[in-house]
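Hello,

Here is the structure for you to open. Please have a look at it first, then read my notes below.

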Amino acid sequence: MHLAQQQHTFEPKIFAFVCTWCTYAGADLAGTSRMQYPSNVRVLKFPCTGRIDPVFILKAFQQGADGVLVSGCHPGDCHYIAGNFHARRRFAVFRKLLEFVGVDLNRLQFSWVSAAEGGKWVEVVTDLTEKVRNMGPMTEFKELAMEEQWSGAINTPELKEAYNAI
Amino acid sequence: MKKKKMLLSQETMDTGFIRKVETLSDTSVRSCFQCGKCSAGCPMATFMEHPPNRVMRLLQLGQWQRVLAGRSIWYCASCETCSTRCPNKVHLASIMDALRKLSWDAEGPSKESYVQLANKLFLQNISSYGRQYEMRLAAVFNVKSGQFLKDMMLGPKLFAKGKLKMFQRKNKNLTEIQKIFSRIEEMRKKGEAL
Amino acid sequence: MSRIGVFICHCGENISRTVDVERVARDVGRLPGVAFSTDYKYMCSDPGQTLLKKTIQEQKLSHVVVAACSPRMHEKTFRKAVEAAGLNPFLCEMANIREHCSWVHENIEEATIKATEIVGMMVERVKKNRVLPTITVPVTKRSLVIGGGIAGIQAALDIADAGHEVVLVEREPSIGGHMAQLSETFPTLDCSQCIMTPKMVDVANHPKIKLYTYSEIELVEGYIGNFQVTIKKKARSVNEDTCTGCGVCMTKCPQKKIPNKFDQNIGMRTAIYIPFPQAVPNTPVIDRENCTKFKTGKCGVCQKVCGPGAVDFEQEDSLIVEPVGAIVVATGFDLYTIDEKPKGSPIKGYGEFGHGKIADVIDGMTFERLASASGPTGGKILRPSDGKEPKQIVFIQCIGSRAREKGISYCSKVCCMYTAKHTMLYHHKVHGGQAYVFFMDARTPGKSYDEFWRRAIEEEDAVYIRGMVSRLYQKGDKIVVMGSDIAVGVQVEIEADMVVLATAIQPQKGADLLAQKLGISYDKYNFYSEAHAKLRPVECATAGIYLAGACQGPKDIPETVSQASAAAAKVMTLFSKDQLEREPIVARVREAGCVGCFACKKVCAYGAVEEKEIRDRQGNLIKVVAYVNPGVCAGCGTCQATCPSKCVELDGYTDEQVIAMIEAL
Amino acid sequence: MNDTLKYAYYPGCSLHASAGEYDLSTRELFSALGISLTEVPDWFCCGATPAHNVDELLSLSLCAKNLELAEQVEGDLAVACASCFSRLKFTQHTLEENATKRKQVEKAIDAPVKLDGKVKHLLEILAKDLGLERLAASVSKPLAGLKVACYYGCLLTRPTDVPNLDCPEAPTIMERVVEASGAETVAWTHRLECCGANFTLSRPGVVLQLTNAILDSAKAAGADCIMVGCPLCHGNLDIRQKEIENVYSAEYNLPVFYLTQLVGLSVGLAPDQLGLNAMIVNPTPLLKEKGLL
């Protein structure tokens, strides 16, 4: 498997935004079950998919991600009652926006992986990696150096001034 | 017979036979839980059509016809490996003895005749001479089994080394030995022993 | 400038086998802000934690990153150690390089690079971590127990005996659960009802236990120490306070031919009924679907004959809210049904056994009712078809269990033992009969269990045949069993009078819906998930909710009772404090920026967002802003992602922290 | 303590026929060691495997009768043949445990069963009664440089709880005895495997296969020779060795000694006192090479 992998000329960078209760635990289970999957994915843990701001996805693409995965509890199973429903609605709209901007939606995947689904996690990650690998690097956003606009930090004099004025 | 379907019922499972085997062998047939260790270590398993564990299994199900019909019990070398290593204290070597005894009583439904013949001659030697008369044992066996030339090459060598005696002295107390045979026979007739 | 300390754990060889830990430590040591980095064999060990504490003090560290296993495993451990060294615990983060890296990758180069990146990401994150104060909340020292089987009864009694109030909720008209249905119990063969009913009576009489039968959980709100539970009390049509339990209504009820579910539908009951004579409470309930009065409006005999006038046809379902601090879930199991299942069901049935078509092919629970002295046959083993005693009986194990094709891959754990018990009960009750058991493996781990199974064979004449049965068919009044003995290697055929199928254990129907109300997780079969398979087997990942019995997975009685007592002990531990410390992962509103749109309030599932007026010194209202009540906030962060002006922040998961992580990659 | 060890001696049928050299070497060795052996008068066949194979009662009765005969001679019963040893021990064990069988046997031999006398294999006498130290002290020609594969076969140690000669799965008694005589022993895999003696007459093909595996294992372990304590094993390993070599295209050339022959050599007995000339696989070249002749 690895020999085959090393022959690839392009290794995509995949960001996974996951909730701590379901998908993070599912990924842990994949680990304790010693399942194997491509090492391209970097996991960012959130309490709930409801916490995941679309801005993070844009930021990830801008930061060089070639694919982004957002994954949480199955509908109805949210640890916080309804956070994943809010997330689902939010991302349904967000996808439209991305499409409009011209991002290939195949680079952005949403999935439900529960704490008991180690195998599904492996499947989702592997599939996305392969898909994005075939699509090649994501170049559109890298050229846009609009960092401060996306950043939550108030780290430019202009912003600070504006902030203080409120 | 070997592959034929088993129809199990209280009628076809001969528990009386199992009891007989248990009395003769002083060991519990039901204790076996089919771990297979007996068959794993049996030096003769490759020669048997039913390996030792299967003999046990058939016995547990009271299927004695299947057990006795086969050669397996006669191919047991009585090496006691199974009994020694059984995790459940099943003395399989003794069960094999019991099965052979019951087969012998039923006048050998088994296909294996050579081993039975050798045993018969061996016992005859005891009642006729008191001790084994190896020369006679081999000679009569060869005649009766129709293998006149079996081990012919060994004969002269053994003679030269003084290993075969032409004549056998009979025991002085032979009558006493013969009495043991007849008393046992009598006990069995009376039903005092199996 | 931060002085971050990074500690890379080898986890024995679990991490170091695939990750070059020394290289990771060296590489992250060069990151800006990192003042110290090292690797160590076992960070979670005592010397490992000592190293951590010593280094914090010697190196005057400002933040700590421990790269080791999943934070779900040891985050608490390391935060505690950091706190002991004088740092705020929330200035410590874990980088998961075991479950998410070393265990899932084989290539050392790839795994090492990934580990370095993961650690680097956490280094950037921790720089933005802030000191968070602990939040304390009061604890309501009352407990809810869901399910009145042996698990719920045991847990309720233990908690109540410790002096805390318990609210016990049972869906059926009586407590007792499946254990009340059993005849005898393995491996001692004592009568199930004899050991069960005294406990049921204890529950009924306990001053600290508030019993709701014929009731269900409607809604669960709140969090550990402070749950609000809404219970739906279904209309019983009989007033519990006035009913004396004399039973005249039942003897007079003209509807007598309703299959009794408690007797596996072999016995019959009336429309106004108690499920079994020892029921607790001894108050009947009217089965409105089958009651003539409810169906046609005519009858009402029960009401007429009831001396105290307890029968109340007008009664309605009612909702009751109970505040509790802890919840024990003990909803038990349901049995797999053997027949063909509807298309689309993830679980499949068996067509080849003719269950439901051949009357004398029954399941194990039905056999229990036949064998039970208080059962429909008075404890006689009789064929449902013609009431004759079966002379040859065949038991088949693993029906549904360990059958991936049927949708269940697990072992139901109790069937080997109860089948052995069934053969013994049969042997005791039917003289001259013969029991056969077809089995794949005998799984008998447990005190005196294997001895029990061997006794069934060696002393109680059961004939065990290793090999599964292919199919059953009716031939005259016999059932032909087509099996094979794999030890002999030939087919076996038995003409049986009765066949008993040992069916799999499944979670209760609707277990997933209850889990969703409780906010706890469950596996693909709907068994509830414990927080840690080995070290936290009684707790849910959701704080304040505990598990007992077969709702978590197949269990026998002793195991269920142990877990119930363990859950009770966990509840008592929680109740031993008046105040509860909780993670300060709560949202805060930056009031200066808040425009008062209250989008956050709309999305908050907990009602934690309140409206707050901002006034100047003269008391003039400037604006109304959002305020998050930290006692109520659960910390999901949905409000933050929703806020259009980015003025809500979830402590521990601020935008700054997340962006820092993204930028690090 | 009386220094002279005295035993009743039950040679068994084979020692009076095909295993004459075992009988000879036993008598010579014991006399050299100052141990007295008195043959049980009118002993008869113990029934061996064929008897218990088909008629356990007969087997028990024959052995019980022999035990009764042995009572006439002073001392414990010394047995040379592993098969006789096994049957006699088995009889004692069975009759002690099973009262029904005991009654049947008493009826068959028309005498009360006596189970007090001890039945001992020669190995036990050498290793325990005489003691390895005294045995070593008697050695005048140590078997230095001779690599011996000690072959126990089935009946010396099996089953558990019956012969009680040594551990049934990891016995060392043969090794200890021959090492006391100055020989080296080899560790090998087939020392407890069955040679198939029961089939030597009826199914010699089986015997060849089983015995070949034993010879092969001994050879592979680097043994110069094999030592046995059973005439039946000896028969298969020695008498049939040439035939096995032919059938399996192997070359073993492993002389098969009785334990008494090897120990006898070490205490300085001459080849003709030990019946070395009766061995089919000629031991002379080996013994000469090792400087033992």
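D:Ala99 and D:Thr100 are exposed, on one side of helix 5 of chain D. Keep in mind that this is a predicted model.

Now turn to the other side. The buried residues of helix 5 of chain D are D:Lys101, D:Gln104, D:Val105, D:Ala108 and D:Ile109.

What do the buried residues of helix 5 of chain D pack against? Within chain D, they pack against helix 3 and helix 4. They also pack against helix 10 (174-190) of chain B. Just after helix 5 of chain D comes D:Asp110, with a positive phi of about 55°.

Next, the chains. There are 3 pairs of chains in contact, and chains B and D share the most contacts. Chain D puts 47 residues into this contact, and chain B puts in 48 residues. On the side of chain D that touches chain B, the elements that give two or more residues are helix 2 (48-54), helix 3 (56-70), helix 5 (99-109) and helix 8 (204-220) of chain D. That side of chain D has 24 nonpolar, 14 polar and 9 charged residues.

Some chains do not meet. Chain A and chain B do not touch, and their nearest C-alpha atoms are 31 Å apart. Chain C and chain D have no contact either; their closest C-alpha atoms lie 21 Å apart.

Stay with chain D for its domains. Chain D is divided into domain 1 (5-121) and domain 2 (139-289). The centres of these two domains of chain D, taken over C-alpha atoms, are separated by 23 Å. In chain D, 24 residues of domain 1 are in contact with 25 residues of domain 2. Helix 1 (20-32) and helix 4 (82-97) of chain D are the elements that give two or more residues to the domain 1 side. Helix 1 of chain D has the largest share of that side, with 9 residues. The domain 1 side divides into 11 nonpolar, 10 polar and 3 charged residues.

Chain C has a sheet to look at. In what order do its 5 strands lie? The order is 20-27-21-22-23, in an open sheet of chain C with parallel pairing. Strand 20 (361-363) and strand 23 (463-466) of chain C stand at the edges, each with a single partner strand, so one side of each has no neighbour in the sheet. On average, neighbouring strands of this sheet are turned by 25° against each other, direction ignored.

Look inside that sheet. Strand 21 (residues 392-399) and strand 22 (residues 434-439) of chain C run parallel and are joined by 5 bridges. C:Ile396 has C:Phe438, in strand 22 of chain C, as its bridge partner. Helix 12 (residues 415-429) of chain C lies across strand 21, strand 22 and strand 27 (498-503) of chain C. This helix 12 runs at about 170° to strand 21 of chain C.

Last, chain A. Its secondary structure comes to 7 helices and 4 strands. From the N terminus on, the elements of chain A run α-β-α-β-α-β-α-β-α-α-α. Chain A has 166 residues, and 48% of them count as buried. Take the contacts in chain A between residues at least 6 apart in sequence: 82% of these join residues at least 24 apart.

Best wishes

Note on methods
Residues are numbered from 1 along each chain as its sequence is written. Chains are lettered from A and ligands numbered from 1 in the order in which they are written. This is a predicted model: local features need pLDDT of at least 70, side-chain atom pairs count only at pLDDT 80 or more; totals for chains, interfaces and linings use all residues. Two residues are in contact if their C-beta atoms, placed from the backbone, lie within 7 Å. Ala, Val, Leu, Ile, Met, Phe, Trp, Tyr, Cys and Pro count as nonpolar, Asp, Glu, Lys and Arg as charged, and the others, Gly among them, as polar. Two strands pair if DSSP finds at least two bridges between them. Axes are lines fitted to C-alpha atoms, for helices over the stretch in contact, and angles run from 0 to 180 degrees between N-to-C directions. Domain bounds come from an automatic or database domain assignment. A residue is buried if 20 or more other C-beta atoms lie within 10 Å of its own, exposed if 12 or fewer, and partly exposed in between; C-beta atoms are placed from the backbone.
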